[in-house]
Amino acid sequence: MSEPAPTPKMPIPKMPIPKMTARDVNVYYGDKQAIDGVSIDVFRDDVTALIGPSGCGKSTFLRTLNRMNDTVPGARVTGDIRLDADDIYAPQMDVVQLRARVGMVFQKPNPFPKSIYDNVAYGPRIHGLAPAKADMDGVVEKALTRAGLWAEVKDRLSDSGTALSGGQQQRLCIARAIAVGPEVVLMDEPCSALDPIATAKIEELIHELRGRFAIVIVTHNMQQAARVSQRTAFFHMGKVVEYGATSDIFTNPREDRTKDYITGRYG
Amino acid sequence: MNSPAPPTSKWAGDAMQARLRRRYAAERRFRWFGFGAVALSVGFLLFLLVNMAAAGLSGFSQTRIAVPVDFRGSGLSINLDRMTREQAQSTLAQQGLPDLLTLSATAAFGPEGEHYLGAAAGAVARDAILGDPSMLSRQVIIDLPAASAIDVAAKGAGDAVSEAAVARLDAQGKLSSGFDTLFLSGADATDPTLAGVWGALKGSLLTMLVTMLFAFPIGTFTAVYLEEYAPKNRLTDIIEVSINNLAAVPSIIFGLLALALFINMFGLCGGSPLVGGMTLALMTMPVIVIAARNAIKAVPPSIRDAALAVGASKVQVVFHHVLPLALPGILTGAIIGMARALGETAPLLLIGMRAFVGDAPAGLCDRATVLPMQIFLWSDEVDKGFVENTSAAIIVLLIVLLSMNAIAITLRNKFEQRW
């Protein structure tokens, strides 16, 4: 915080209230500690990128934000993670509602083996968000449009979601995640299984979605982090080495390890 | 660095060529072993099918003897306008229809003619009369089912006396043969010409129904619980090992368990499809649990993640995604288990299904027998007529098995989804 130079590229005049805050988060798998004292703020209008070498815990940390780690046997989380003011690990927090508020897109596109329509409609349906068929049609169209897929699939909504190409499947998964109207969307290396053209479409989509909800993206691709994010956290060995504005991290890293990683010396 | 002689020169060398030949020979040998194994199993299967068909198909046909019957002066009379069919049937029996048939046979074929007609002759004649009451006032020729000895002799396996009788009847053109409807509609009987497979078939179907109703849901939910809910600890390990062992327990032990539990303790109706089905359900359940667990395990975790991440609860994940995707595998396991249960005899011996049951069971608590038990019982009979009944019943059992498998494959293909 002692950096004297202000960051002119940050268009945020004063510090907004964070959407999610993580304070001193530790994650253990059995006896092994995977995350060690991570503290990060996620802002509503920003895309936050988590970068770092393989096995550094960035995906693990991402999965603590919607408690997907609950499904891993032996996983234990300590520390304080809040969505707005709500402690998401508090006993009274309903994990189903939490995951509706904090959506997730995975590394490998994983559409349900159902129709495109049902893939998108599944979330709203189980949460009772659109009881009438006409409402549901609207929700599905809106989600697919936002995911940039509507034009490609509007004539074949009843086809299986698994029949789409990899890039389309991933956008379908994004549509599925945003159909329930989340406040935060977590993306776990969403482009690592895609070709460059499909990757470019997803990145474009992230740009368009920015501002509607907070986005946290894990990526191996340094250029991608630089292109899509406003904030970047560099993870190493379960710790956050450096967290700040993406422009600073990539042009003026404070830590040598960050610099080494970004310049490709290791990782 | 100086590398040794370039390796390319060795590819054409003798050692390399010999190695190549050995590799090709090994592959050829392996292919022939495989082909031989397939040929052997197909050969055995064909032998079984041909053998069964040859021995059993004649069990579906019945030898009939044309007997002239003169009803004039017999005193038989019925009035279908005032009688129900049952009343008419008993009236005919009381008025001496069976005796008349015996007399007619004796009159036509000599003194030994009374042994020519089978036990079902009375019923066939009765039905003929009910179909056309006017024949009671004239002489008619009725094709009546032959006695077991004649039937067997006509099919080429009888004793000398019957062979001679058949030769004589055949020379007179009195013999004919037709489809034995009684075999498919009747139940067990002491006379092979009367005995039918329907009683055992219906018993088997009812038993399978009970087995399916118990084993499928319990097995599936056990698998779901163990895979999706149970914590991984010592207790669940023990349960898992126990279930795997249960699948290998000899079936007769399940019979003892069922005898002690269902009949002696709960006092359920012994020898019935209900208890039989529950016994076989005990036996089938571990098979279904194992198959269902494997099918559930094979559902990609990414589908579970996807559903959880849009806020599906655990139950919703299981019922909306995991079970539908696992269903083909579960069905396959269930059908394999059911097929095994359908052919099972040993445990049913102990719960009292080894009994002569002369009627098809009307309900789940009636005394009944099942197809493999019927086959076992008939194969024990002395009368030669039961030999072909046995083989014919085996054919029926195989047909039921094959249809069950066909249904399984159809269902599996219907529910199968790709991801």
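## Ground rules

Two strands count as a pair if DSSP finds at least two bridges between them. Helices (H or I, at least four residues) and strands (E, at least two) are DSSP runs, numbered from the N terminus. With that in hand, take strand E1 of chain B, residues 61–70: seven bridges join E1(B) to E2(B), and the two run antiparallel.

This is a predicted model, in which local features need pLDDT of at least 70 and side-chain atom pairs count only at pLDDT 80 or more, while totals for chains, interfaces and linings use all residues. Residues are numbered from 1 along each chain as its sequence is written, and chains are lettered from A and ligands numbered from 1 in the order in which they are written.

## How confident is the model?

The model comes with an ipTM of 0.87 and a pTM of 0.80. For chain B the average pLDDT (the predictor's confidence in each residue, from 0 to 100) is 86, and 97% of the residues score at least 70.

## Chain A at a glance

Chain A has ten helices and ten strands. Its C-alpha trace spans about 55 × 40 × 35 Å along the principal axes. The radius of gyration is taken over C-alpha atoms, and the globule rule is 2.2 Å times the number of residues to the power 0.38. A compact globule of 267 residues would come out near 18 Å, and chain A, at 19 Å, agrees with that.

Contacts, for their part, are residue pairs whose C-beta atoms, placed from the backbone, lie within 7 Å. Among contacts in chain A with a separation of 6 or more, 68% are between residues 24 or more positions apart.

## Strands in chain A

Start with E4(A), residues 75–83, which runs antiparallel to E1(A), residues 20–29, with eight bridges joining them. To find your place, look for Asn26(A), whose bridge partner in E4(A) is Thr78(A). E4(A) is also joined by two bridges to E5(A), residues 86–87, again antiparallel, and here Leu83(A) stands opposite Asp86(A). E4(A) and E5(A) make a hairpin with two residues between them, and Asp84(A) in that turn has a positive phi of about 50°.

Then there's an open sheet of six strands with mixed pairing, in the order E6-E7-E8-E3-E9-E10 of chain A. E6(A) and E10(A) (239–245) sit at the edges with a single partner strand each, so one side of each has no neighbour in the sheet. From one strand to the next the twist averages 15°; axes are lines fitted to C-alpha atoms (for helices, over the stretch in contact), and angles run from 0 to 180 degrees between N-to-C directions. Inside this sheet, five bridges join E7(A), residues 184–188, to E8(A), residues 214–218, and that pair runs parallel. Leu186(A) has Val216(A) as its bridge partner in E8(A).

## Where A meets B

Chain A puts 23 residues into the contact and chain B puts in 17. On the chain A side, the elements giving two or more residues are H2(A) (95–101), E6(A) (102–105), H3(A) (116–126) and H6(A) (166–179). H2(A) gives the most, with four residues.

Sorted by class, chain A's side has twelve nonpolar, eight polar and three charged residues. For that tally, Ala, Val, Leu, Ile, Met, Phe, Trp, Tyr, Cys and Pro are nonpolar, Asp, Glu, Lys and Arg are charged, and the others, Gly among them, are polar.

## Chain B: sheet and helices

Back to E1(B): three strands form an open, antiparallel sheet in the order E2-E1-E3 of chain B. The edge strands are E2(B) (139–145) and E3(B) (175–179), each pairing on one side only. Here the twist averages 40° from one strand to the next. Asp70(B) has Gln139(B) as its bridge partner in E2(B). H3(B), residues 97–109, lies across E1(B) and E2(B), at about 90° to E1(B).

Which residues of H15(B) are buried? In this helix, residues 371–379, they are Leu371(B), Met373(B), Gln374(B), Ile375(B), Leu377(B) and Trp378(B). Their cover includes H8(B) (198–229), H14(B) (346–350) and H16(B) (385–415). The axes of H8(B) and H15(B) come within 8 Å and cross at roughly 145°. Ala200(B), Leu201(B) and Ser204(B) of H8(B) make that contact with Leu371(B), Met373(B) and Gln374(B) of H15(B). By class, that's four nonpolar, two polar and no charged residues.

Notes
Contact = placed C-beta atoms within 7 Å. Buried ≥ 20, exposed ≤ 12 C-beta atoms within 10 Å, placed from the backbone.
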